[in-house]
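This report describes the charged pairs and the nonpolar cores of one protein model. The sequence and structure come first, and the text follows them.

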Amino acid sequence: MTRSPSGKEDWALPMRRALALAEMAVGLTEPNPRVGCVLVSADGQWIGEGHTQAAGSAHAEVMALRDAQAKGHSVEGATAYVTLEPCSHYGRTPPCCDALIAAKVARVVVAAGDPNPQVNGRGVERMRAAGIDVMAADGDAEAASRELNIGFFSRMQRGRPWIRLKAAASLDGRTALENGVSQWITGESARHDGHAWRKRASALMTGSGTVLADNPRLDVRGHPIARQPLRIVLDSCLQTPPDAQLLRVGGPVLFVASRPEPSREAALRDLGADVLTQPSSEGRIDLPALMDELGRRGINEIHVEAGARLNASLLQHDLVDELLVYLAPMLLGPGRGIAALSPLHELSGVRRFSFHGAQTVGEDVRLILRRQA
């Protein structure tokens with residue numbers, strides 16, 4: 001796509017609004033990407049807008065066209081500002097590029113190309129073949145769209161979800177006292193913020209140790225949400241008791257075991273959960289194979305809240321893409337750490353991350369770090 005050198009000023013406001021609309025699709029569109037669209041008439045009027053709905057429902061472009069129609073506006077000759085390349089294939093809904101062609105829009109400004117191999121430039125080609133002028137927005141808009149859909153890009157390009165590991169720790173890196181007490185290290189604002197990050201995930205993951213020790217709900221609370229993320233419990237021997245809270249609060253649950261346990265599987269299925277067996281040669285859960293399987297199941301982002309052993313396993317398999325760490329202004333001394341990593345004898349073996357963001361949240365600090373390539 002070509003870029004207009006003077007287009008940023010013209011495109012900034014409607015594309016910014018389209019990105020804000022895409023943000024509204026968080027917690028709604030899985031496994032589809034979060035997309036926003038704004039329609040502007042030839043004389044500069046904003047005539048329609050929308051964002052992608054739940055899977056199987058209308059995409060952003062169709063929602064914007066419907067909005068314009070409901071307001072009595074003609075879209076012929078208009079410009080569509082879209083945060084992701086309009087799709088060109090039949091899935092649960094018809095191609096969005098065909099809807100824009102049929103509506104006779106004159107121009108489409110796209111923030112980012114679609115990484116889906118079924119689309120990936122084909123939407124642009126079809127619109128151009130129909131006489132529509134297709135342009136790329138500025139690099140800031142592209143980066144924002146990619147960031148908003150980081151899990152979708154990961155699944156399409158790598159075949160596996162984006163994995164975010166969340167931890168709440170003291171300044172000396174302790175997530176709990178030696179006796180396991182951890183409520184609460186961080187303040188209420190940080191905990192509320194953590195649920196916002198849960199909301200954007202396709203799935204929340206923990207281990208059986210955390211379930212047995214803390215009996216968590218592992219759901220999104222304090223934020224409006226159209227659907228609860230899938231909850232994944234890595235439970236090699238299916239030890240989770242039937243009265244565990246996460247089985248009682250509603251929403252999908254997937255247990256992952258390392259070997260068949262027919263009677264326990266049946267009991268969990270009777271409670272509405274699904275069970276997947278993912279063994280490795282060592283008799284443990286094969287984590288890389290599991291992530292590939294979850295990618296095939298349409299999981300874009302996984303938000304991990306687990307104990308030190310599972311955290312270490314994910315890190316040692318180089319599966320963690322991002323660390324979300326809340327640091328509390330306190331020192332705990334001896335206690336439990338973020339990850340039970342094996343000892344190193346040389347610094348050349350460390351796992352390095354880069355700081356991606358830092359912000360105060362209440363009395364705590366939120367750090368976002370990403371794995372170095």
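In this predicted model, there are 25 salt bridges. Three of them are listed here.

| Salt bridge | Distance, N to O |
|---|---|
| Asp-321 and Arg-158 | 3.0 Å |
| Arg-164 and Glu-322 | 2.4 Å |
| Asp-274 and Arg-269 | 3.0 Å |

The side chains of Asp-321 and Arg-158 form a salt bridge that links distant parts of the chain. Asp-321 sits in the loop between α11 (308-316) and β13 (322-328), while Arg-158 belongs to helix α6 (residues 150-158), and 163 residues separate the two. Their surroundings can be described by relative accessibility. Asp-321 has a value of 3% and so counts as buried, because buried means under 20%. Arg-158, at 36%, counts as partly exposed.

Arg-164 and Glu-322 also meet through their side chains in a salt bridge. Arg-164 is part of strand β6 (residues 162-170) and Glu-322 is part of strand β13, so this pair ties together parts that lie 158 residues apart in sequence. Arg-164 is buried, with a relative accessible area of 1%. Glu-322 counts as buried, at 1% relative accessibility.

For the pair Asp-274 and Arg-269, joined by their side chains in a salt bridge, the accessibility values are as follows. Asp-274 counts as partly exposed at 32% relative accessibility, and Arg-269 is partly exposed with a relative accessible area of 39%.

The nonpolar residues are the second topic. In soluble globular proteins, nonpolar side chains tend to be buried together. The largest nonpolar core in this model has 29 residues. Within this core, the members that touch the most other members are Met-205, Ile-232, Leu-234, Leu-290, Met-291, Leu-294 and Ile-302. Helix α10 (residues 287-296) supplies the largest share of the core, four residues.

Which residues are in contact with Leu-290, leaving aside its neighbours within four places in sequence? They are Met-205, Leu-234, Val-256, Leu-276, Gln-278 and Ile-285. Met-205 and Leu-234 were named above, with Leu-290, among the core members that touch the most others.

Another core lies apart from the largest one and has 27 residues. Its members include Ile-47, Ala-80, Cys-97 and Ala-103.

Definitions and conventions:
Residues numbered from 1 in each chain as written. Predicted model: local features only at pLDDT ≥ 70, side-chain atom pairs only at ≥ 80, totals over all residues. Heavy atoms only, no water. Core = buried A, V, L, I, M, F, W, Y, C linked by side-chain atoms within 4.5 Å. Buried < 20%, exposed > 50% of the residue type's maximum accessible area, 1.4 Å probe, protein only. Contact = heavy atoms within 4.5 Å. Salt bridge = Lys/Arg side-chain N within 4 Å of Asp/Glu carboxyl O.
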